[in-house]
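Here are my notes on the model, point by point. Please read them with the coordinates open.

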Amino acid sequence: MSVDGSLDRLKREGRIVVVGASLAGLRAAETLREKGFAGSLTMIGDEPYEPYDRPPLSKQVLLGRATADRTGLPRHRAIDARWRLGVPATGLDMAARRVRLADGDEVEYDRLLIATGVRARPWPQEDEAELDGVFVLRTRDDAEALERSLAQGPRRVLVIGAGFTGSEIASACRERGIAVTVAERADAPLVGALGGVVGRVAAELHRKHGVDLRCGVMVTGLEGDSAGHVRAAHFSDGNTIEADVVVVSLGAQRNTEWLAGSGLGAGPRGIACDAGCRAFDIRGIVTDDIYVAGDVARSPHPLFGYQFLSLEHWGNAVAQAETAAHNMLSDSADRRPHIWVPAFWSSQFGVNIKSVGVPSMGTEILIAQGSRSEHRFTGVYGYQDRVIGAVTFDQTKWLQFYQQLIETTAPFPPTSPTVDRRPEGQQPMPADFPDPSVPTHGPTVTLSGYAPDDRRLSRYYDIQSLLHDPRISSDARNLKTPATANPLAAEADEETALPPSFLRLDPPEHDRLRRMTNRPFGPPHSPRRVHEMHGELKDIVSGLIDGIDNPDRIDLVDQFSYPFPVTVICRLLGVPREDEARFHSWADTIAASLDPVPGADADERAKVSHNARTELGMYLAGLIEERRKKPGDDMLSQLSTAGGPDGVMTTMEVLSTAALLLIAGHETTVNLITNGMLTLLRNPDVLERLRKDPNFAVPVVEELLRFEPPVQLVPQRTTVADIEVRGITIPKGASLWLVLAAGNRDPDRFEDPDRFNPDRGDIQHLGFGSGIHSCFGAPLARLEAQLALSELARRLENPRLLEDPPPYRQNAVLRGPRHLPIACDGIRP
């Protein structure tokens with residue numbers, strides 16, 4: 001194809017490739033042919049089968065009423081395609097317009113549709129997942145294998161996870177007369193999708209039909225027999241059950257790994273695209289030749305505040321695929337948006353459950369018709385005084401009515417008179433969705449340091465030893481479970497598609513990037529870099545204190561702790577003074593996104609954060625190019641141009657390193673300074689000593705790093721071998737969290753550990769970690785905190801807390817007040 005953009009030529013002789021032999025892929029291909037596309041069409045699928053229907057797998061197939069090979073999707077028309085089945089896509093070259101395949105082949109395209117969907121999330125312990133009798137359910141092969149096992153009449157089936165799929169599997173087991181236990185970490189089934197009010201009805205259905213439903217517990221391990229077949233499962237409450245079959249139903253993972261490094265805006269949450277299904281690249285710019293459809297897509301929806309929604313819905317896949325295909329072959333004026341209203345259905349325990357809209361956005365629910373006690377009702381969800389979703393239990397006739405209310409943004413609660421409204425439907429009630437700040441999946445093992453009720457738990461020396469242990473991996477690619485939010489890793493998450501910084505890598509990649517970053521920052525190549533910043537740092541501190549205009553009420557976070565470190569990073573990187581305000585704005589937006597806010601619009605926060613990260617990345621990319629042409633003495637220039645035995649960093653590596661300096665360096669220093677001032681105000685004798693002796697800041701900061709470390713724990717480490725700690729074996733593949741703050745208060749290591757005492761003779765804390773991943777910016781953070789606290793102590797007259805305790809950030813990793821209101825009698829010169 002030439003680059004003249006001729007649609008007629010595209011239709012006649014163009015090359016369109018569809019990656020994903022799925023429902024969305026098939027319907028898109030049919031639409032392309034229907035609209036006159038006569039060029040070559042290639043369908044790529046990682047399974048050896050042509051597209052098939054998935055809903056019957058957990059229903060008719062598990063009940064033995066249909067075989068998996070009879071689930072093929074009906075064809076609406078011939079598509080005359082070249083099928084590449086059983087050969088997964090492994091890479092994408094956007095510049096050359098080529099898709100790389102696992103067999104080494106490459107397929108060229110003029111237009112590309114990605115419809116790779118999702119896969120089942122496996123059991124995190126690989127050796128346990130490989131036991132005979134342990135299943136997931138997503139594919140034809142999965143369904144066939146599980147049905148064969150159920151047909152053999154197992155004594156008991158354990159289903160891990162009570163979402164829609166897990167509940168349908170449990171229902172099929174009971175219909176076949178098989179004893180089944182369902183383990184669910186939440187308080188009830190379906191709470192993530194429908195909330196606790198409806199979840200409790202679902203729990204009643206489970207128990208009414210003989211399911212041994214266990215909520216509020218986790219399965220901590222699976223046990224096999226000598227023949228390698230699963231025989232038992234262990235629970236977090238200490239109980240154990242025997243089971244012949246275990247079905248892992250812990251949700252889905254989007255198939256985007258093959259796009260890593262491609263430059264496309266893809267990550268674990270899917271592929272971002274506009275309302276016309278055109279994919280975004282990592283800079284937030286819409287591509288004209290790559291489209292997305294189905295479960296893997298994240299697209300904005302006008303009815304839901306233009307939030308980016310990922311919808312695992314059958315109907316959505318069809319509608320989005322048809323829209324994508326239409327837009328591929330249309331001029332911009334003829335393109336149309338994908339605005340299908342989400343809909344979903346499930347059949348379990350003899351009840352048809354159907355939903356419309358996005359119930360999970362709802363904060364309130366009204367039982368508009370029927371009765372929960374009869375398991376026959378309609379629930380309507382409200383969000384910001386409008387109808388946002390609805391769910392029915394055996395009352396499908398009401399869905400179209402409520403869909404119209406959603407489409408017209410009708411007020412909530414609905415004002416329309418309806419029939420069959422019972423007393424419980426007179427008033428809305430909280431929908432009771434889980435707190436978004438609580439992670440869905442926790443670590444396999446948390447090393448929490450000293451615990452008064454169990455002295456066998458690992459303590460300071462165990463944590464320190466594991467931080468140095470090469471059998472502990474920091475590489476996120478080794479994680480067997482989805483990573484919970486780690487603010488210190490956010491610079492390389494799915495929203496930016498940047499390569500991981502060295503914080504998230506193992507040797508030798510880690511060592512190379514850390515060495516290259518260290519050359520312009522510290523010894524041996526730049527031993528005086530931090531020391532030489534002393535005067536500039538003191539000027540920034542003085543300027544911020546001089547800018548305090550009302551000593552009667554000072555928010556130390558907003559007016560000092562936040563702006564100080566980001567200004568320092570701007571100067572360190574070489575951001576022009578006139579651009580510092582923009583840089584501050586991006587940093588503030590990204591920082592705000594790191595803390596979960598219960599009840600807040602999570603998708604909107606993610607979109608705002610994504611936009612800030614994209615703008616920051618584009619700005620830094622431009623600055624890197626400028627520095628390569630005209631280097632200065634700033635760190636960004638040196639990272640972009642300096643050579644050495646490790647070569648020169650790529651642009652993407654410089655970007656990820658700069659993002660690490662911004663987020664990790666900024667966030668930790670903010671908390672160190674704020675925690676420090678709060679602790680000093682609670683210990684006025686120490687504050688007075690510091691006011692009189694600025695050199696006292698050195699032991700004060702070291703004790704603060706022990707007593708109130710800004711980073712409470714190191715999450716998302718993975719064991720790559722079995723490791724024994726005090727007679728307890730941490731298995732290979734375990735997700736490991738190391739709680740530094742608890743190790744810092746181990747009474748076997750520190751005398752009177754809960755007392756703040758800067759006069760300790762030995763303060764070998766874990767505040768900056770230890771081992772190869774010890775804090776890269778520790779020298780700068782120490783100097784910033786020493787200058788900040790000594791100057792605040794000297795210049796604020798009679799400082800005092802206005803609120804104690806202050807409001808804290810809701811963040812498991814980063815500990816510090818969100819605001820610190822203080823007052824003083826005046827500002828000394």
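1. His 534, Leu 537, Lys 538, Val 541, Ser 542, Ile 545 and Asp 546 of α11 touch Leu 780, Leu 783, Glu 784, Leu 787, Ala 788, Glu 791, Leu 792 and Arg 795 of α21. Contact means heavy atoms within 4.5 Å. By class, eight of these residues are nonpolar, two polar and five charged. Nonpolar covers Ala, Val, Leu, Ile, Met, Phe, Trp, Tyr, Cys and Pro; charged covers Asp, Glu, Lys and Arg; the others, Gly among them, are polar.

2. This is a predicted model: local features need pLDDT of at least 70, side-chain atom pairs count only at pLDDT 80 or more, and totals for chains, interfaces and linings use all residues. Residues are numbered from 1 along each chain as its sequence is written, and side-chain values use heavy atoms, with hydrogens and water left out.

3. Helix α11 (residues 534-546) packs on helix α21 (residues 778-795) at about 40 degrees, with the axes 10 Å apart. Axes are lines fitted to C-alpha atoms, for helices over the stretch in contact, and angles run from 0 to 180 degrees between N-to-C directions. Helices (H or I, at least four residues) and strands (E, at least two) are DSSP runs, numbered from the N terminus. The two helices, α11 and α21, are therefore oblique to each other. Angles under 35 degrees count as roughly parallel, over 145 as roughly antiparallel, 65 to 115 as roughly perpendicular and the rest as oblique.

4. Six strands form an open sheet with mixed pairing, in the order β3-β2-β1-β7-β21-β20. Strands pair if DSSP finds at least two bridges between them. β3 (82-85) and β20 (278-280) are at the edges with a single partner strand each, so one side of each lacks a neighbour in the sheet. The twist averages 30 degrees from one strand to the next.

5. Strands β1 (residues 15-19) and β2 (residues 40-45) run parallel, joined by five bridges. Val 19 has Ile 44 of β2 as its bridge partner. Helix α2 (residues 23-34) packs on the sheet, touching β1, β2 and β7 (111-114).

6. Most residues other than glycine have a negative phi, and most peptide bonds are trans. The bond from Pro 507 to Pro 508 is cis, with omega near 5 degrees. Asp 804 and Pro 805 are also joined by a cis peptide bond, omega about 5 degrees.

7. Asp 385 has a positive phi of about 65 degrees. Asp 385 counts as exposed, at 61% relative accessibility. Buried means under 20% relative accessible area, exposed over 50%, partly exposed in between (1.4 Å probe, protein chains only).
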